[in-house]
Amino acid sequence: MNIHEYQAKELLRAYGIPVPPGEVAYSDRAAARVAEEIGGNRWVVKAQIHAGGRGKAGGVRIASSREELREIVDRMIGSRLITEQTGPEGQLVQRVLVERACRVDREWYLGMTIDRASQRIAVIASADGGVDIEEVAREHPERIHTEIVDPATGLLDFQCRKLAMAIGLQHRMAPFVRLLKRLYRLMCDKDALLVEINPLVETEDGDLLALDAKLSFDDNALFRQGEIAELRDFDEEDPKEVEAHGHGLSYIALDGQVGCIVNGAGLAMATMDAIVLHGARPANFLDVGGGASPEKVANAFRIVRADPNVRVILVNVFAGINRCDWIAEGVVRAARSQGVDVPIVVRLAGTNVEEGRRILAESGLDLIVAEDLDDGARKAVAALRAVEAGYEPVPEGVRA
Ligand code: ADP
Ligand code: MG
C-alpha cells in the first residue's frame, strides 16, 4: 500500500527526519492560507498522486507570489497529471502539497527496500539524486551504493559512514548517520517495504532535508499497523481491486483481453502464462481463493466483467478445498444474472468435478468446456480471435 507524499513527510517528521515546512491543501484558498503559515516568499506546489516523475511532468511548480500560488493550485487541482509512472490516462489531482521552496544545490538519492536475495533490508544511496534514479541504475549501476543490514545488529554506524563517503556526503557525516538510523527504525516499526527520499538535499545550516518522500507498506502487515491502514486513499487505487479485496478476492488489473477466474495464486500465474503462450494477453490476475462459494465466484465475474477490455473469460479451477459444483453454480448464476455477453471457457478439475460438469451441461448456457489448463488457454484464445473476427455467437469450432 502506498501513501501520499505529505503523509510520508508527516511520518518522517515524527521520526525526527527533517522535511520542509508545508501542508496539504484541497483548494487555492487553503493553499494561500498554508503559504501564509509557512511564511517566506517562494513556495512549491506539488501534485499529490501515487506516482513519481511529477517534476518533469509539471506536477511540481514554484510560485513566487500569493497570486501565482493560487493560480497554479487552481489549475493543478482537478487536472489529470500524466507522468512516466501514471500511464497515458494520467491521474486526477485532488490535492496538493504546499511547502517552502528550498535551496537545491546538489541532490542525493536515498532508499531502503527489502532485498529478496539476502532477505534483508538494503540501504541504497547515490550521489545522482533528483528526477531519474531509474536511468542512473540502468546506465551507471556503479554509481549506486548498497549496504545490506543484518537484522540482529540493525543498521551499523560504519555502514552509514561508508555510504556517506561513497556519495560525497562525508562533510555531513553526523546528520547523515542520524537520518539513516531514524529511517531504518521507521522502516522496521511500520513494516514498510520501500522508503525513498529523492532528492535528499543539504541546508545552509549544515543539516540534511528530505525534499521528496515515498513510502510503501506491506499489505500483509496492515492488520497490526492501524495508523498506516487509515492513510489508505481509495481514490488512488483501481476500484475493481478495492472491490475485489472487499470480497476476499486477490485481483490485479492487467491490460490484456482474456479475463481470468482461477483458484490459487500459482495456478493463476500458470493460466496467465498459458494465455500468453497461445498468443493473447490476460486482462487480470484473479485468485478466488479456497472455499469459494457461488457468491464469491459470481462476484469475481462481476469484477472481471467491469473491465471493458475483457472479450472472453477463462475459468480455470483445480478444486482441492474448493468444490467444482460450487464454482459451476457461481458461473451459471453469474452468466444468468449478469447477462455475461462474452464467451466463457470453463475448465474444472478436482473435488466434485462430475457434479460441476453436470451443472454446467444442464444450465443450457453456451459455455465452452475445456479439459485441462492448456486446452482452456487454447480455447480462450481461439474464442477471442473469433470474437475479434466478428463471429457471434461463438462458432462451433471453438466449442468443446
Ligand atoms: P518527483 O520525484 O515526483 O519528480 P519531487 O518531489 O522529487 O517529485 O520534485 C522534483 C524536483 O523538484 C526535485 O528533484 C527538486 O529539485 C524540486 N523540488 C521538490 N520539492 C522542492 C522544494 N520544497 N523546494 C525546492 N525544490 C523542490
Ligand atoms: Mg522525487
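Helix α11 is largely enclosed by the rest of the structure, because nine of its 12 residues are buried; buried means under 20% relative accessible area, exposed over 50% and partly exposed in between, computed with a 1.4 Å probe on protein chains only. The buried residues of α11 are P294, K296, V297, A298, N299, A300, F301, I303 and V304. This helix covers residues 294-305 and reaches 16 Å from its first C-alpha to its last, close to the 16 Å expected at 1.5 Å a residue. The expected span is 1.5 Å times one less than the number of residues in the helix.

The structure is a predicted model, in which local features need pLDDT of at least 70 and side-chain atom pairs count only at pLDDT 80 or more, while totals for chains, interfaces and linings use all residues. Residues are numbered from 1 along each chain as its sequence is written, chains are lettered from A and ligands numbered from 1 in the order in which they are written, and side-chain values use heavy atoms, with hydrogens and water left out.

The protein chain holds 14 helices and 18 strands. Helices (H or I, at least four residues) and strands (E, at least two) are DSSP runs, numbered from the N terminus. Of the 400 residues in the chain, 49% count as buried. The C-alpha trace spans about 80 × 50 × 40 Å along its principal axes. Among contacts (heavy atoms within 4.5 Å) between residues at least 6 apart in sequence, 68% join residues at least 24 apart.

Two packed helices are described by the angle between their axes and the distance between the axes. For helix α2 (residues 28-38) and helix α4 (residues 66-76), the angle is about 140° and the axes are 8 Å apart. Axes are lines fitted to C-alpha atoms, for helices over the stretch in contact, and angles run from 0 to 180 degrees between N-to-C directions. The helices α2 and α4 are therefore oblique to each other; angles under 35 degrees count as roughly parallel, over 145 as roughly antiparallel, 65 to 115 as roughly perpendicular and the rest as oblique. On the α2 side, D28, R29, A31, A32, A35 and E36 meet R66, L69, R70, V73 and D74 of α4.

P151 lies in the loop between β9 (144-148) and α6 (157-166). With a relative accessibility of 60%, P151 counts as exposed. Leaving aside neighbours within four places in sequence, P151 is in contact with R120 and Y184.
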